[in-house]
Amino acid sequence: MSGAALGLEIVFVFFLALFLLHRYGDFKKQHRLVIIATLLAWYLCFLIVFILPLDVSTTIYNRCKLAVNSSPAESNGSYVTLAPSKQKCFKPWSYIPDGIMPIFWRVVYWTSQFLTWILLPFMQSYARSGGFSITGKIKTALIENAIYYGTYLLIFGAFLIYVAVNPNFNLQWNQLQTIGIAAANTWGLFLLVLLLGYGLVEIPRSHWNGAKRGYLLMKTYFKAAKLMTEKADAEENLEDIMEEVRKVSESIKYNHPLRKCVDTILKKCPTEYQERMGRNMDDYEDFDERQNSYPSEKSLAKLHKQVIYSVQRHRRTQVQWQILLEQAFYLEDVAKNESSATRQFVHTFHSQEPENKIIQYFYTPTVEWYWECLLRPWFYRVLAVVLATFSVIVVWSECTFFSTRPVLSLFAVFIQLAEKTYNYIYIEMACFLTIFFLSICVYSTVFRIRVFNYYYLASHHQTDAYSLLFSGMLFCRLTPPLCLNFLGLTHMDATISHKNTQPTAYTSIMGSMRVLSFIADGFYIYYPMLVVILCIATYFSLGTRCLNLLGFQQFMGDSEMTSDLIDEGKELIRREKRKRQRQEEGENRRREWKERYGNRDDSTRSRAVHTDQKESSFSETNTNRPLSKYTRSNGRTERDRIELLQDAEPLDFNADSVNDDPLESDSGR
C-alpha cells in the first residue's frame with residue numbers, strides 16, 4: 001500500500017478540481033490557457049489540503065522509529081519493537097516512503113508560488129486586454145503589470161542593499177529563501193484570518209437559516225429585486241455599447257486598414273446585433289481620410305474590451321435571473337405543499353429539463369414531500385449545530401495553540417492522544433476533518449465575496465476569465481499559511497511545540513522561521529487571535545450594516561429599504577409566474593388542438609399541396625409558350641403606371657401663368 005493512497009488522492013483531487021471549474025467556468029467559450037492555468041492553481045491547492053494528513057501520519061511513524069533507534073530495539077516485519085517496554089511502531093497503511101514527500105511538496109509549493117505571483121497576474125491583464133493580436137495583448141499586459149512587478153523588485157532590492165551594507169547580517173541563500181517564504185506566508189495569513197473569521201460564523205448561520213422556509217423566500221424576493229436592477233443596467237449598458245459599435249462599423253468601410261479590427265469586435269457581439277448591423281452596412285462605399293475622422297486602433301481596443309465585458313455581464317444576468325426564478329417558484333411550491341393532506345409534492349411548473357428515470361423511480365412525489373417538508377429542515381438544523389461546534393473549537397484553539405504546558409488546543413490534544421496508541425486511521429481522519437473544515441470556511445468565502453463587478457464567481461458557467469484567474473491567485477496565496485496554521489493548531493510545527501523532534505516534510509521545505517524571530521514568535525502566534533473579533537463582528541452583521549449605511553442594499557430584517565425591495569421582488573416573481581402560466585396554457589391548447597384535429601389538418605395540407613403542384617405545373621406550361629408577351633410582373637407595372645397617370649393633376653393652359661404647384665393655381669380642377 002506504500003504510495004497507493006498518495007496516487008488515489010492525486011487522481012481524486014484532479015477530478016474534484018475539474019468538476020468545480022466546469023461548474024463555474026465555460027470550457028467552450030473561454031481560452032484554453034485560462035482554463036489550464038485556473039485548473040492547475042485549484043488542483044495544487046486542493047492537493048495540499050488532501051495530502052497533508054498523510055504527511056502527518058508518516059511523520060508520527062518516523063518519530064517513533066527515531067525513538068526506537070535511539071534505544072535498544074529489535075526489528076520484526078513491518079513494525080519495530082522497543083526492547084524494554086515492548087512498544088510497537090506499526091507502519092501506517094498510507095505510509096509514504098522516505099524522500100518522496102519533500103520532493104512532492106517542493107514541486108507543488110514553488111509551482112503554486114510561480115502561478116500566484118508571476119503567471120496568473122500576467123494572464124489576468126492578457127485576458128482583459130482588448131488588443132486584436134497576441135503581440136498587442138502581451139504588450140498591454142506587460143505595461144499593466146510593470147508597476148505590480150516593479151514594486152516587489154524595489155522592495156526586494158532595498159532589502160538586499162540593507163543586508164549587504166549592515167555587517168551584523170550574514171545571510172546565506174537558504175536564509176534568503178526562508179525570508180521570501182515568510183513574507184509570502186505573512187501576507188497570506190493576514191488575508192486568511194479575515195476570511196476565516198467570516199466563514200466560521202456565516203457557514204453555520206446559513207445552514208440554520210436554510211431550515212427557515214419563510215426566511216429563504218423573503219431573501220429570494222430581495223435578491224430578485226436587486227438582480228432585476230442589475231439586469232436592466234446590464235441591458236442598458238449593452239445597448240449603449242452596441243450603438244457605439246454600430247457607428248464605428250458604419251464609419252469604417254470594407255477597404256479601411258482597421259476593418260479587420262471592427263470585424264473582430266462584431267464577432268464578439270450577440271447574434272441579433274450582428275444581423276442588425278449587417279443589414280445596415282454598405283460595403284460598396286469607399287472611405288475618404290480627408291472627409292471623415294476615424295477612430296484609432298487604441299480606441300478600438302478599448303471598445304473591444306468594453307464589448308467583451310458588457311456581453312459577459314448581460315449573459316450572466318440573464319442566466320442568473322432564470323435560476324433565481326426557478327428557486328423562487330420552488331420555495332413557493334414548498335410553502336404550499338407543507339399543508340397538503342395527500343402528502344405528495346406538487347410542482348406548479350414542470351421541469352424544463354428531462355429527469356433521470358432512476359431518480360424518478362426512487363424520488364417519488366411522496367418521498368419528495370417528506371424530504372422537503374419534514375426531514376430537510378431538521379437535517380439543516382442538526383448540520384448547523386455540528387458546524388457551530390466545530391467553529392467554537394477552532395476559535396478556542398486559535399486563541400490557545402501557543403500554550404504547550406498545559407496543552408490547551410483541542411486539536412493538539414486529539415492528535416497527541418491518538419499518537420500514544422499509534423492509531424493512524426484516527427490521526428488521518430482527525431487531521432482531514434480539521435483542515436477540511438478550515439478550508440471550507442476560507443474557500444467558501446472566496447466563492448461568496450463579490451467586489452462590485454471586478455471579481456465575482458458565478459455558477460452555471462457564468463464566471464469570466466478575470467475572476468477565474470483571480471480566484472486561482474487567492475487560493476495559491478491562502479493555502480500555504482492555512483496549512484501552517486493547521487500544523488500549529490495540532491502542535492506538529494516545531495516552532496510552536498518547542499520540541500526537538502522530526503518536523504513534517506511540509507514544514508521542512510519552509511525552512512526555519514527563527515531567521516525572523518519577530519514573525520515566528522510574534523505575528524504567527526498572536527495575530528490569529530483576531531479571529532475572535534472578526535467572528536463577533538460577523539455574528540452581529542457589522543459589515544452588512546456598514547455597507548447598508550453606505551448605500552449598498554443588504555438583506556436586513558429591520559430595514560425599511562429591505563421591506564420595499566422584498567415587496568418589489570414579490571411583485572416581479574408574481575408577474576413572471578403569470579407569464580409562464582400563460583405560456584404553458586398556450587402550449588397545452590396547441591397540443592390539444594394538434595391531437596384533436598391533427599389528422600384533419602394533415603389531409604387538408606395534402607390537398608393544398610396537391611393543388612399547388614397543379615397550379616405550378618400550369619404556370620410552367622404557360623411560361624414555356626413562345627407566344628406569351630407579358631408576364632405577371634409586367635402586367636403589374638403597367639397597372640401601376642396607369643394609376644399614376646389617373647392621379648395626376650390637370651393643368652389649365654388658359655391661365656395667365658403656370659405655377660409649379662397646381663394647388664396654388666387660381667383655376668380649380
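Reply: Start with Tyr 126. Setting aside neighbours within four places in sequence, Tyr 126 is in contact with Ile 134, Lys 137, Ile 138 and Ala 141. The model is predicted. Tyr 126 itself sits in helix α3. Its C-alpha atom lies 9.4 Å from that of Glu 144, a residue 18 positions away along the chain.

Now take the helix as a whole. Helix α3 covers residues 100-128 and packs with helix α14, residues 465-489. The two axes are 9 Å apart, at an angle of about 160°. An angle over 145 degrees counts as roughly antiparallel. So α3 and α14 are roughly antiparallel to each other. The crossing is left-handed.

Which residues of α3 and α14 meet? From α3 come Tyr 109, Ser 112, Gln 113, Thr 116, Trp 117, Leu 120, Pro 121, Met 123, Gln 124, Ala 127 and Arg 128. From α14 come Ala 465, Tyr 466, Leu 469, Phe 470, Gly 472, Met 473, Cys 476, Arg 477 and Pro 480.

One of these residues, Gly 472, leads on to Trp 42. Beyond four places in sequence, Trp 42 touches Gly 472 along with Leu 468, Ser 471 and Phe 475.

In soluble globular proteins, nonpolar side chains tend to be buried together.

Helix α2 also holds Asn 62. Asn 62 is buried, at 9% relative accessible area. Beyond four places in sequence, Asn 62 contacts Tyr 95, Asp 98 and Gln 502.

His 491 lies in the loop between α14 and α15 (494-497). Phi of His 491 is near 60°, a positive value in a residue other than glycine. At 7% relative accessibility, His 491 is buried. Arg 343 also has a positive phi, about 55°. It lies in the loop between α9 (297-337) and α10 (357-362). Arg 343 is partly exposed, with a relative accessible area of 36%. Most residues other than glycine have a negative phi, and most peptide bonds are trans. The bond joining Arg 405 and Pro 406 is cis, with omega about 0°. Pro 406 is in the loop between α11 (365-400) and α12.

The axes of α12 (residues 410-421) and α13 (residues 424-448) come within 9 Å and cross at roughly 165°. That makes α12 roughly antiparallel to α13. This crossing is left-handed. Its contact residues include Phe 411, Phe 414 and Ile 415 of α12, and Tyr 426, Ile 427 and Ala 430 of α13.

Finally, the whole chain. The protein has 21 helices and five strands. Of its 669 residues, 39% are buried. Among contacts with a separation of 6 or more, 76% join residues 24 or more positions apart.

Conventions: Residues are numbered from 1 along each chain as its sequence is written. This is a predicted model: local features need pLDDT of at least 70, side-chain atom pairs count only at pLDDT 80 or more; totals for chains, interfaces and linings use all residues. Side-chain values use heavy atoms; hydrogens and water are left out. Contact means heavy atoms within 4.5 Å. Axes are lines fitted to C-alpha atoms, for helices over the stretch in contact, and angles run from 0 to 180 degrees between N-to-C directions. Helices (H or I, at least four residues) and strands (E, at least two) are DSSP runs, numbered from the N terminus. Angles under 35 degrees count as roughly parallel, over 145 as roughly antiparallel, 65 to 115 as roughly perpendicular and the rest as oblique. A crossing is left-handed if the near helix is turned anticlockwise from the far one by less than a right angle, and right-handed if clockwise. Buried means under 20% relative accessible area, exposed over 50%, partly exposed in between (1.4 Å probe, protein chains only).
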